[in-house]
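Good morning, and thank you for making the time.

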Amino acid sequence: MLLRRDRALTGIAIMLDVAFHAGRTGDLVGGAEIAERLGAARRGIEPVFQGLSRAGLLESVRGPRGGYRLGRRPRDLRLSDIVASVQEDADAPPDLTGRLQTAVLAPFWHELDVERRSQLASITIEDLLRRAQAAGIRR
């Protein structure tokens, strides 16, 4: 269903941060560093890290020098995959069974969802890195 902006945006921001700061070298980026750059509490975004790691989008390395690195190349990381990995079951719409909901709203909501998924599937982390470069953002 339509994305919850907070988790979806956080997931994309984490992936972009790791791609941007780890670069092509595959260096590890610390979770606390990422949280600080995002202006978020580490504990608050931990479930997003876990979802991204479970989906294989992020590799997690434990230990004192641990951190995160991309699980795939930036050009293979579609925003739709990132969003799907951090969605919760709570995002499902309530079962509304009224005539208007069934005949009008449910199909309309489905159309919006299909459009959103298509847009996100067409954009990769590499595309966002190019935007950062075009905006003059440097590490």
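How many aromatic pairs does a search of the whole structure find? The search finds one aromatic pair, where rings of Phe, Tyr and Trp (its six-membered ring) pair if their centres lie within 6.5 Å.

Before I describe that pair, a word on conventions. This is a predicted model, in which local features need pLDDT of at least 70 and side-chain atom pairs count only at pLDDT 80 or more, while totals for chains, interfaces and linings use all residues. Residues are numbered from 1 along each chain as its sequence is written, and side-chain values use heavy atoms, with hydrogens and water left out.

The pair consists of Phe 49 and Tyr 68, at 4.5 Å centre to centre and with 15° between the planes. The arrangement is therefore stacked, the class for planes under 30 degrees apart, as against edge-to-face over 60 and tilted for the rest. Phe 49 lies in helix 3 (residues 42–54) and Tyr 68 in strand 2, so the pair ties together parts that are 19 residues apart in sequence. Helices (H or I, at least four residues) and strands (E, at least two) are DSSP runs, numbered from the N terminus. Both Phe 49 and Tyr 68 are buried, that is, under 20% relative accessible area, with exposed meaning over 50% and partly exposed in between (1.4 Å probe, protein chains only). Arg 42 lies over the face of Phe 49, 4.9 Å from the ring centre; the criterion is CZ of Arg, or NZ of Lys, within 6 Å of the ring centre and within 35 degrees of the ring normal.

Is Gly 66 buried or partly exposed? With a relative accessible area of 23%, Gly 66 is partly exposed. Leaving aside residues up to four places away in sequence, Gly 66 touches Leu 28, Gly 30 and Val 61, a contact being heavy atoms within 4.5 Å. The C-alpha atoms of Gly 66 and Pro 47 are separated by 18 Å.

Finally, the chain as a whole. It has six helices and two strands, in the order α-α-α-β-β-α-α-α along the sequence. Its C-alpha trace spans about 55 × 30 × 25 Å along the principal axes. Of its 139 residues, 30% count as buried. Among contacts with a separation of 6 or more, 71% come from residues 24 or more positions apart.
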